[in-house]
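Subject: Structure for you to look at

Hello,

Here is the structure I said I would pass on. Please open it beside this message and follow along as you read.

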Amino acid sequence: MKAIQLISKLTQQGYTDREIADEILNETTEIDLRARVGTEHFDDADNYLPPPQVLAHAILDGTSVTELEMALAEFNLYWRDREEGRPVFAHQLFLSHLQRRARNSGN
C-alpha cells in the first residue's frame, strides 16, 4: 500500500494528521530530503511515490491529506508533461511544490 493511501486510511479511522505525522517520524528512519531519489520511490508508470517521512513533513507544515493527494497528482502530471524522465531530487521538489500551492491558495 502506498504511504499516502495508508495515511488517508488512518485519517478515516479517526487519527489526527499530527498524530500520524508524529508516529511516522518516531517510527521510521530519518531521510535526507535533499538527497537523490532512487527507483524505489517511483512506480512502473514513473509516478513519484513519496515515502512516509516526506508526507509527515508536509503534514507538519500544515498540508492536509486531501491536499497531499491533489498535489501529488499535479506533481506527477507536471513531470510527465515535461518528458524529462524522473525528477532526481523528487523529495525536495515535491515539498517545494506543496509550498508553492499553499502560497498560491493564500494559506
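First, how to read the values. This is a predicted model, in which local features need pLDDT of at least 70 and side-chain atom pairs count only at pLDDT 80 or more, while totals for chains, interfaces and linings use all residues. Residues are numbered from 1 along each chain as its sequence is written, and side-chain values use heavy atoms, with hydrogens and water left out.

Helix packing

Two packed helices are described by the angle between their axes and the distance between the axes. Here, helix 1 (residues 3–12) packs against helix 3 (residues 52–60) at about 50 degrees, and their axes are 9 Å apart. Helices are DSSP runs of H or I with at least four residues, numbered from the N terminus. The axes are lines fitted to C-alpha atoms over the stretch in contact, and the angle, from 0 to 180 degrees, is taken between N-to-C directions. Helix 1 and helix 3 are therefore oblique to each other; angles under 35 degrees count as roughly parallel, over 145 as roughly antiparallel, 65 to 115 as roughly perpendicular, and the rest as oblique. The crossing of helix 1 and helix 3 is right-handed, meaning that the near helix is turned clockwise from the far one by less than a right angle.

Helix 1 brings Ala3, Ile4 and Ile7 to the contact, and helix 3 brings Pro52, Leu55 and Ile59. Contact means heavy atoms within 4.5 Å. Of the residues in this contact, six are nonpolar, none polar and none charged. The nonpolar class is Ala, Val, Leu, Ile, Met, Phe, Trp, Tyr, Cys and Pro; Asp, Glu, Lys and Arg are charged, and the others, Gly among them, are polar.

Salt bridges

The whole structure has four salt bridges. The term means a side-chain nitrogen of Lys or Arg within 4 Å of a carboxyl oxygen of Asp or Glu. In one of them, Asp22 meets Arg18 at 3.2 Å, N to O. Both residues are in helix 2 (residues 17–27), four residues apart, which is about one turn of the helix. Asp22 is partly exposed at 28% relative accessibility, and Arg18 is exposed at 52%. Buried means under 20% relative accessible area, exposed over 50%, and partly exposed in between, with a 1.4 Å probe and protein chains only.

Asp32 and Arg34 form another salt bridge, at 3.9 Å from N to O. Asp32 is partly exposed at 42%, and Arg34 is exposed at 59%.

Arg86 and Asp46 are also bridged, with their closest N and O atoms 2.6 Å apart. Arg86 is in the loop between helix 4 (65–82) and helix 5 (90–105), and Asp46 is in the loop between helix 2 and helix 3, so the pair ties together parts that are 40 residues apart in sequence. Arg86 is partly exposed at 33%, as is Asp46 at 40%.

Two single residues

Thr11 is in helix 1 and is partly exposed at 29%. Leaving out residues up to four places away in sequence, Thr11 touches Asp17, Ile20 and Val65.

Regards

Definitions and conventions: Helix = DSSP H or I, 4+ residues; strand = E, 2+ residues; numbered from the N terminus.
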